Amino acid sequence: MSILELQRVSKVYGEGDTEVDALTDIDLSVNRGSLVAIMGPSGSGKSTLLTIAGSLEEPTSGDVIIDGARVRGMSRNDKARLRRRTVGYVFQDFNLLAGLTAVENVSLPLELDGIPMKKARSKGMAALEGLGLADRAESYPDQLSGGERQRVAIARAVVGERSLLLADEPSGALDSVNGESVMRMILTACHGGVAAVVVTHDAKLASWADRVVFLRDGQAVDETLPPPSPEELLNPDVPKPSLS
Amino acid sequence: MSIRHSLLALLSEGPKYGFQLRQEFETSTGDVWPLNVGQVYTTLQRLERDGLAQSDDVEEDERQKNYRITEKGGEELSRWLRTPPDLSEPPRDELVIKVLVASRLPNVDVFDVIQVHRRYLVQLMQQWTRMKEDESHFDLAFALAVDAELFRLDSVVRWLDSADGRLRRVSLESVESTMDSTFALPSNRRRTGARR
Amino acid sequence: MTDVLDRIDRRPPDGGMPARRAVTRWAWRLLRREWRQQLLILLLITIAIAVTTVGVGVSTNTPLSTYVGFGTAHDLGTFQNNSATTTQKIDSWRALYGRLDVIDNEAVTVPGSVNTFDLRSQNPNGPYGKPLLTLVAGHFPKSASQVAVTSGVASLFNLHVGSVWHATGVARTVVGVVENPLNLLDEFALVLPGQVANPTNVTVLFDATRLAKGTSNVITPADVSKGNLLNPQTISIVLVTMTMLLIALVSIAGFTVLAQRRLRSIGMLGALGATDKDIRLVVRANGVFVGLIGALVGFVIGFVAWLAYRPTLESSAHHVVGALQLPWIVIVVAMALAVAATYFASTRPARAMTRISLVAALAGRPAAPKQLRRSAVPGIIFGVAAFFLLGVAGARGGNGGSGSLAIVLGFVTLTVAVVLLAPFLLTVLNRFSRSAPLAIRMAMRDLARYRARSGAALGAISVGVLIAMVVIIASAARFGNVLDYAGPNMASTQMIIYTSNGPYGPGGPGNAGAGNGAPAKSIATMALDAHSIAHDLGSHSVVTLENTSATLQHAAPGRSFSGPVFVATPQLLKAFGIKQSSIGPTTDVLTMRPGFAAITQMQLVYGNYFSGSKGGPITGPTAWPCPKIDCLANPSIQQMPSLPAGTSTPNTIVTEYAVHHLGLQPITAGWLIQTPVPLSAAQLSGARATAAADGMSIETKSTIPTSATIIDWATLAGILLALGILAMSIGLIRSETAGDLRILSATGASSRTRRSLTAATAGALALIGAVVGTLAAYLAMIGFSRTSALDGLHSLTSVPVANLLMILVAMPIVATVVAWIAAWRDPKGISGQVV
């Protein structure tokens with residue numbers, strides 16, 4: 001089942017002489033449980049793709065369908081509701097609201113959706129526990145390490161039965177070990193039924209995805225082949241990677 | 001990859017039989033580098049010849065021979081661990097040559113060539129990552145070896161990215177200069193891809 | 001599954017209360033984290049509310065309350081006798097309005113004195129008059145032969161509870177000590193109703209529901225408060241309104257900085273699915289919290305200060321002041337206004353936040369500066385309207401209600417005009433700076449570009465200066481008058497001992513009428529004691545002050561002459577180094593007051609001028625032309641700068657020439673003692689005791705603030721306020737142009753350029769603010785100058801030049817220098833904020 005559908009999405013910034021095509025005719029479909037990476041150099045339109053997919057921006061043309069709902073024509077409030085119920089974001093370096101503890105940050109989208117504080121908090125606590133962060137629940141963002149902050153951000157992005165996780169260079173500011181654990185957590189969320197899109201220029205991160213879409217100058221130029229099934233991996237005839 | 005020194009390292013833990021050495025070598029490198037039997041015994045014979053290891057000489061069958069490290073062998077191992085590998089000579093990399101050739105051929109889209117290789121490399125990395133993914137039987141040595149491979153592949157991808165960018169700039173400049181001389185059009189009115 | 005969907009659907013579409021609560025909680029946490037950035041706003045509100053609390057408390061309690069006679073009644077009727085007509089009228093009122101209180105008063109003269117007390121009959125439990133009477137000791141009179149007296153009456157006649165008193169021809173036993181808590185100077189003897197035989201004043205208290213208009217002998221509190229334009233309420237309302245406008249302006253600038261700093265967080269909140277309403281709530285909740293905290297802290301501080309000051313106030317105001325006897329409505333309104341001001345100030349940045357796209361907010365990119373109208377027309381229209389309104393207020397000087405409304409409206413309009421003109425001025429300045437050095441040019445361009453915010457800051461600075469300048473001009477105009485001369489009464493090394501013949505009569509200054517009870521000694525004895533006091537104080541300079549019946553008058557509308565007029569005895573002239581030869585042969589009056597000699601329609605009046613018993617009635621105390629009797633028109637006045645300047649010292653004296661040719665009778669009024677060192681409290685109380693034993697009183701340097709003190713404090717406060725606002729807004733502008741600055745540094749500009757940039761910004765804002773504020777203040781006061789409290793346009797010229805220079809020159813310089821020094825640090829940009 002497709003959670004995110006981009007249909008011939010284009011985005012043009014500016015007008016007249018300063019017109020710039022950020023995205024051109026992007027088609028993308030992300031199913032429940034799958035992790036898609038968008039890879040491309042700086043300025044290829046990766047981030048724009050993500051903000052459009054998350055209803056933060058309107059495409060100039062084309063359609064975005066999130067969890068069956070068409071974003072075009074939604075009111076600002078409807079989009080806000082869509083974001084807090086369906087979409088979770090993880091950004092590169094700025095995720096948590098200062099002044100709120102980890103667990104408050106995690107339960108904030110639930111509270112914004114009208115769930116009473118106590119209930120939201122216990123759900124947030126459960127999400128943190130699930131990601132092994134229970135002991136950091138009462139810490140403020142500035143008391144957490146960079147890796148912990150990103151992990152709390154992921155907990156917040158998946159809390160409350162949300163189905164779409166969008167991450168923009170989620171481990172950009174982290175070392176590779178911490179970056180790996182962030183990707184591992186996103187993958188875990190996918191195994192739990194979330195559809196995830198990770199935007200990155202880093203092949204190491206992209207290699208965690210089931211599918212990697214290559215973006216260049218706002219166009220999807222290529223993508224990886226579907227991964228070999230477990231049977232294929234066990235089949236000795238299929239070449240396994242090796243270094244020899 | 002020096003099998004010679006890896007075997008010496010294994011022997012430095014204590015005397016070992018030939019078959020045991022092969023087994024341990026494969027586990028210690030996380031099964032990333034499969035080793036054929038012949039390689040192991042040839043290497044062991046050479047070690048014995050150079051006085052770096054010695055066998056008890058009881059058995060004729062190499063698999064049953066018990067090997068131990070000599071003092072000279074210990075010194076050699078220690079020297080080797082500290083000697084940096086020779087990186088000053090660039091390896092004659094096939095991929096680099098392919099891209100260089102493609103960039104000179106008029107009828108070949110070099111960017112297409114680059115993308116084919118990039119995709120292949122990323123797919124390769126996906127496979128390695130997937131091996132690492134399953135944490136249930138986590139193996140430190142294996143993870144280290146896989147990381148090494150991922151970093152190596154990643155560096156190649158990055159080289160492709162930078163080659164891509166460099167070639168693109170050169171082609172853009174040459175296009176602009178032709179346009180300037182012939183049409184004098186307002187350049188890059190619609191330059192694409194402004195935002196990250 | 002359906003169950004889950006049901007649950008989801010029952011959630012309010014906008015998040016409802018939980019969302020609002022969560023967002024408010026976050027706003028509160030942010031405030032707790034970042035209160036330092038809002039310190040200026042908090043301080044302003046705190047100080048404003050604290051000052052309002054104490055100020056309105058003191059100002060409404062200090063003068064004998066104008067409603068003092070009313071008790072709890074709404075109407076007060078008076079009659080001059082208890083004739084049948086009076087009784088009839090009272091009975092008709094009783095029939096009409098039910099309950100009423102009748103209080104009979106008969107003025108009784110204290111034997112051997114001009115003072116009087118009242119013989120009074122009043123029901124202690126009267127429905128309206130109860131607050132006017134409390135029992136201090138004993139009990140209220142229960143029979144015709146009993147009386148209760150005030151402590152003043154008791155000491156005057158040496159009475160105590162139990163003694164028998166023969167007053168007004170009737171022997172009564174004193175059974176209690178009473179007082180009028182609303183007026184401790186009210187001296188009376190309380191008897192049973194019906195015991196006042198010939199009342200000279202009958203007061204009837206009642207609540208008239210349908211009283212015919214124009215009943216001449218009935219007044220209401222509203223009638224009493226009329227005709228007092230500069231009454232405490234009007235002044236507090238004007239000040240509170242102005243301050244709240246100022247707070248709103250500062251808050252707009254402050255909250256805009258804050259919203260800018262929180263741009264990414266707010267973008268994040270939007271990305272998490274907060275509605276626009278929630279996002280606006282974050283900024284607004286912050287505003288309301290700041291307002292509430294400031295108001296509450298300010299009130300607590302003010303109330304504590306009020307409690308501490310209350311005893312002092314009670315003793316100086318001569319009536320009981322309850323701890324909770326504060327004009328609560330004014331205080332509550334002021335607090336509510338503070339919250340409202342911060343709320344409305346936060347509304348603009350709150351709206352701006354929802355206009356920025358979430359993507360831009362998340363990236364920390366502020367919106368492009370909004371183009372404001374460049375036209376000066378609206379500002380000028382408001383300025384003219386303010387001038388007109390203040391003119392109306394000035395003209396209605398004596399008309400109460402509508403006048404005070406006009407004055408409040410006038411100042412509000414003026415503030416709006418200043419705020420509207422500020423952005424325009426920045427544009428003009430930018431145009432003028434085109435050929436200036438790079439740093440200044442850049443500074444001016446940024447000010448003009450970001451004038452949505454710098455305009456608010458400039459407006460706030462101007463309003464701060466405006467308030468200070470209004471206080472300065474008003475007090476300079478009020479006190480800078482040579483007729484109604486004000487200033488320090490004397491130096492701290494001076495003391496005057498008054499005999500009962502002194503210009504303030506028996507009892508000395510500030511204690512009119514009552515007398516201190518000690519029997520007056522002969523002048524010779526008093527002179528001896530005065531010299532011995534002087535000797536004890538180490539003084540060798542004792543000047544005898546002589547008094548005559550002569551005083552000066554200005555026979556024209558406006559303010560009249562104030563201050564004592566002593567005689568220029570040879571001893572006095574010698575004491576101040578004045579040679580007889582320097583006085584003109586026909587000079588009548590010598591004065592040190594500058595410009596006094598040039599005033600026309602002055603007259604020297606003496607003898608029986610005021611009594612009117614000789615030569616027929618006088619048309620009025622300031623009649624012009626000068627009546628023939630005991631009045632000298634246009635006396636010859638000579639300025640003599642070496643006379644002392646204090647208001648109580650002989651700053652204006654009549655010459656011996658005038659004494660002789662007008663036939664005045666000098667009598668010893670007191671002695672001016674000049675000591676080598678300032679007097680200590682112990683010396684003062686010793687001298688006071690010695691003087692009191694002879695029936696004399698002393699006067700020393702008063703602690704009441706003089707015009708100079710007020711002007712200096714207002715100058716200082718105005719400068720500090722302007723600099724505070726400046727510091728905050730410079731921080732804002734620098735953080736917004738931090739990127740530019742960094743690029744500037746990167747392209748090789750030295751820290752010198754950066755400093756020049758900041759210094760030029762600060763200096764320009766301070767200078768324009770000072771000029772605009774000063775001009776607006778003068779505009780306001782010119783419009784208002786027709787009021788009777790001031791003396792027309794010429795009174796506006798008396799502002800000390802030094803204070804003007806402080807605001808117009810020194811403040812911009814200080815701002816520039818401080819900005820130059822403070823700008824050594826790299827600007828902390830909003831982009832540097834990562835959590």
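The model is predicted, with local features needing pLDDT of at least 70 and side-chain atom pairs counting only at pLDDT 80 or more, while totals for chains, interfaces and linings use all residues. Residues are numbered from 1 along each chain as its sequence is written, and chains are lettered from A in the order in which they are written.

Let's start with the sheet. Strands pair if DSSP finds at least two bridges between them. Here are the strands and their residues:

| β16 (chain C) | 602–605 |

Three antiparallel bridges join β16(C) to β17(C), and Leu604(C) has Leu632(C) as its bridge partner.

Now to the two chains. Contact (C-beta atoms, placed from the backbone, within 7 Å) links 29 residues of chain C with 28 residues of chain A. On the chain C side, α2(C) gives the largest share, nine residues. Helices here are DSSP runs of H or I, at least four residues. That side has 16 nonpolar, five polar and eight charged residues; nonpolar means Ala, Val, Leu, Ile, Met, Phe, Trp, Tyr, Cys and Pro, charged means Asp, Glu, Lys and Arg, and the others, Gly among them, are polar.

Finally, confidence. Chain A averages a pLDDT (the predictor's confidence in each residue, from 0 to 100) of 84, and 92% of its residues score at least 70. Over residues 240–244 of chain A, pLDDT stays under 50.

Definitions and conventions: Helix = DSSP H or I, 4+ residues; strand = E, 2+ residues; numbered from the N terminus. Contact = placed C-beta atoms within 7 Å.
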